[in-house]
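Have a look at the model first, then read on.

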Amino acid sequence: MSAVAPKRLQNVYLVAERPGALHDFYSQALGLQLRFQDGERWFQYGVGGGNVSLACREEAAPATSGAVLVFEVDDFDGAQQRIAAAGGEVMGLRDMGSHGAVLSLRDPEGHVVQLFRRAPAEVA
């Protein structure tokens, strides 16, 4: 195995125009727990053994565009209402049959985020 081969995903971050305002959305609508904050420049959350962050453009250089974050959830109960109340937009729900379902949304700055729910295990 190569020494440069990734061993785990350490962090994913969105380049945001207003990370502080997005922090409110991600903590209220999605329930992310803040792990580290650098003023209004960087907000880092712990998710499933990795990190998800919001970064201002200066902090994120040379990155200039966002990414699609996909968070696994147990269910979608109340998600649409929380997303709308926090300034987001629900784009739709995609049923993927035995794989699960994805609820797609846009955060207040227009970044696409998806909530993934596994299909229930079939009882034999």
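Reading from the N terminus, the elements go β-α-β-β-β-α-β-α-β-β-β, which comes to three helices and eight strands. Helices (H or I, at least four residues) and strands (E, at least two) are DSSP runs, numbered from the N terminus. Keep in mind that this is a predicted model: local features need pLDDT of at least 70 and side-chain atom pairs count only at pLDDT 80 or more, while totals for chains, interfaces and linings use all residues. Residues are numbered from 1 along each chain as its sequence is written, and side-chain values use heavy atoms, with hydrogens and water left out.

**Chain overall**
- Of the 124 residues in the chain, 35% are buried (under 20% relative accessible area; exposed is over 50% and partly exposed is in between, with a 1.4 Å probe and protein chains only).
- Take the contacts (heavy atoms within 4.5 Å) with a separation of 6 or more: 48% of them join residues 24 or more positions apart.

**Nonpolar core**
- A nonpolar core here is a set of buried Ala, Val, Leu, Ile, Met, Phe, Trp, Tyr and Cys residues joined through side-chain atoms within 4.5 Å.
- The largest one has 23 residues, and Y26, L30, F71, I83 and L115 touch the most other members.
- At least two residues of this core come from each of β1, α1 (19-28), β3 (42-47), β4, β5, α3, β7 (100-106) and β8 (112-118).
- Beyond its neighbours within four places in sequence, I83 has contacts that include F25, A29, L103, L105 and L115.

**Largest pocket**
- The largest pocket has a volume of about 450 Å³.
- On a 1 Å grid over the protein atoms alone, a pocket is an open set of points where a 1.4 Å probe fits, with protein on both sides within 12 Å along at least five of seven lines; lining residues have an atom within 4 Å of a point.
- Grid points are joined across faces, edges and corners, and the volume is the space filled by probe spheres set on them.
- There are 24 lining residues, with L32, V47, V70, F71 and E72 closest to the centre.
- β4 (50-56), β5 (69-73) and α3 (79-85) each supply at least two lining residues, and β5 gives the largest share, five residues.

**V12**
- V12 sits in strand β1 (residues 11-16) and counts as partly exposed because its relative accessibility is 22%.
- Its C-alpha atom is 9.4 Å from that of V68, 56 residues away along the chain.
- Leaving aside neighbours within four places in sequence, V12 touches N51, V52, S53 and L69.
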